[in-house]
Amino acid sequence: MMPLPEDFENCVAGLLEITEDIEGYLAEREVRFMTLLAACPTGRGEILEIGSFKGKSTIVLAKGASLTKEATVVAVDPLIPKSTIDPSPEGDDPWFRDFQSNLRNAGVEKQVEFHRMSSAELAETWNRDIKLLWIDGDHTYAAVKSDLEMFRPFLSDGAIVAMHDVLNVFEGPIRVFTEDVLLSSNFGPAGLCGSIGWSQYLKDPESTSKFRRQKARLYRKLNTLIPYSALGKGAGRVPRIWHKILRSRVPHSDVEPVRWLSSVTPEDSQERQGSTP
Ligand SMILES: C[S@@+](CC[C@H](N)C(=O)[O-])C[C@H]1O[C@@H](n2cnc3c(N)ncnc32)[C@H](O)[C@@H]1O
């Protein structure tokens, strides 16, 4: 099993401080988990972030990755505020300006290969392996589904797919995670940390069979929530409190790093290294 980098806890502590004042939507436990994902790669290739906003998750991924030999993060976002199509004629471009200065202040500017375009535009020329695919762009069902479909062919064996807002009110993340990830025989270990749904991509469907029961349990819990996200208020007479109760039944607590590493390390490699599963 891959060891947890010595500096992991220091890195998380530093990140919580650095990102505290950056506008964004990551909870503390999610920052910690994303640092783990970047610091402990389970496949080979790139870390690809879809949806950067002000750079909060970009910085977390880059700092986590700097604990490894390959510290680069590829990020894609058109960074166009919804109210306007183009930056103003005066050249004021607040989203991009904030994104750049946040990265610079965090000292990760040089580590980030940023593509200012949509994920679909990037996918037209993409040809690299991916070890971590972080989906946090357009949250509609069609967009999240196509983000996964466009980049799935490039996932290396053992890669992690993680998507944000699975337990939030958006339709896309919960449906795609539940239907396209959990029901796929190419995804093995899976879970949630906060609102981040994650799973490990394994090329050989045989190797995912022992995770079927775990995935099915999670599927049943998440599936009951889909109508609330998909239909919103139109979901009808069921009180909001019932949605909250159903959501609280989905396990999404803090991830313990060493246990997580053990769950995403194939047993044969654990046996080779003489570690206990
Ligand atoms: C929820 S925010 C991302 C938050 C960021 N990951 C963080 O943790 O701070 C969603 C971002 O997705 C971007 N976005 C929307 N559609 C996109 C697309 N088709 N491709 C890439 N990014 C997109 C938006 O511009 C916005 O910045």
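Colleague: Sorted by class, which residues does the shell around the ligand have?

Modeller: Quick heads-up: this is a predicted model, in which local features need pLDDT of at least 70, side-chain atom pairs count only at pLDDT 80 or more, and totals for chains, interfaces and linings use all residues. Residues are numbered from 1 along each chain as its sequence is written. For the classes, Ala, Val, Leu, Ile, Met, Phe, Trp, Tyr, Cys and Pro count as nonpolar, Asp, Glu, Lys and Arg as charged, and the others, Gly among them, as polar. On that basis, the shell around the ligand has eight nonpolar, seven polar and five charged residues.

Colleague: And which residues around the ligand come nearest?

Modeller: A residue makes the list if its C-beta atom, placed from the backbone, lies within 6 Å of the molecule. There are 20 residues around the ligand, and the ones that come nearest are G24, G51, K56, S57 and G137.

Colleague: Zooming out, how many helices and strands are there in the protein chain?

Modeller: Both are DSSP runs numbered from the N terminus: helices are H or I with at least four residues, and strands are E with at least two. Counting that way, the protein chain has twelve helices and seven strands.

Colleague: In what order do the strands sit in the open sheet?

Modeller: Two strands pair if DSSP finds at least two bridges between them. Pairing in this open sheet of seven strands is mixed, and the order is β3-β2-β1-β4-β5-β7-β6.

Colleague: Which are the edge strands?

Modeller: Look for strands that pair on one side only. Neighbouring strands of the sheet are turned by 15° against each other on average, direction ignored. The edge strands are β3 (112–115) and β6 (187–193).

Colleague: Is β1 paired with β4 in a parallel or an antiparallel way?

Modeller: Strands of a sheet pair through backbone hydrogen bonds, either parallel or antiparallel. Here five bridges join β1 (residues 46–50) to β4 (residues 130–135), and I50 has I135 as its bridge partner. With β2 (residues 73–76), β1 has three bridges in the parallel sense. With β4, β1 runs parallel.

Colleague: Why is β1 largely enclosed by the rest of the structure?

Modeller: A residue is buried if 20 or more other C-beta atoms lie within 10 Å of its own, exposed if 12 or fewer, and partly exposed in between, with C-beta atoms placed from the backbone. E46, L48 and I50 cover one side of β1 and I47 and E49 the other. β1 is largely enclosed because its buried residues are five of the five.

Colleague: What does F177 touch, not counting residues up to four places away in sequence?

Modeller: F177 sits in helix α7 (residues 171–181) and counts as buried because it has 29 C-beta neighbours inside 10 Å. Two residues are in contact if their C-beta atoms, placed from the backbone, lie within 7 Å. By that test, F177 touches M163, V166, L182 and G197.

Colleague: Is E149 buried or exposed?

Modeller: E149 belongs to helix α6. Because E149 has 12 other C-beta atoms within 10 Å, it is exposed.

Colleague: At about what angle does α6 run to β4?

Modeller: Axes are lines fitted to C-alpha atoms, for helices over the stretch in contact, and angles run from 0 to 180 degrees between N-to-C directions. Helix α6 (residues 141–151) lies across β1, β4 and β5, and its angle to β4 is about 170°.
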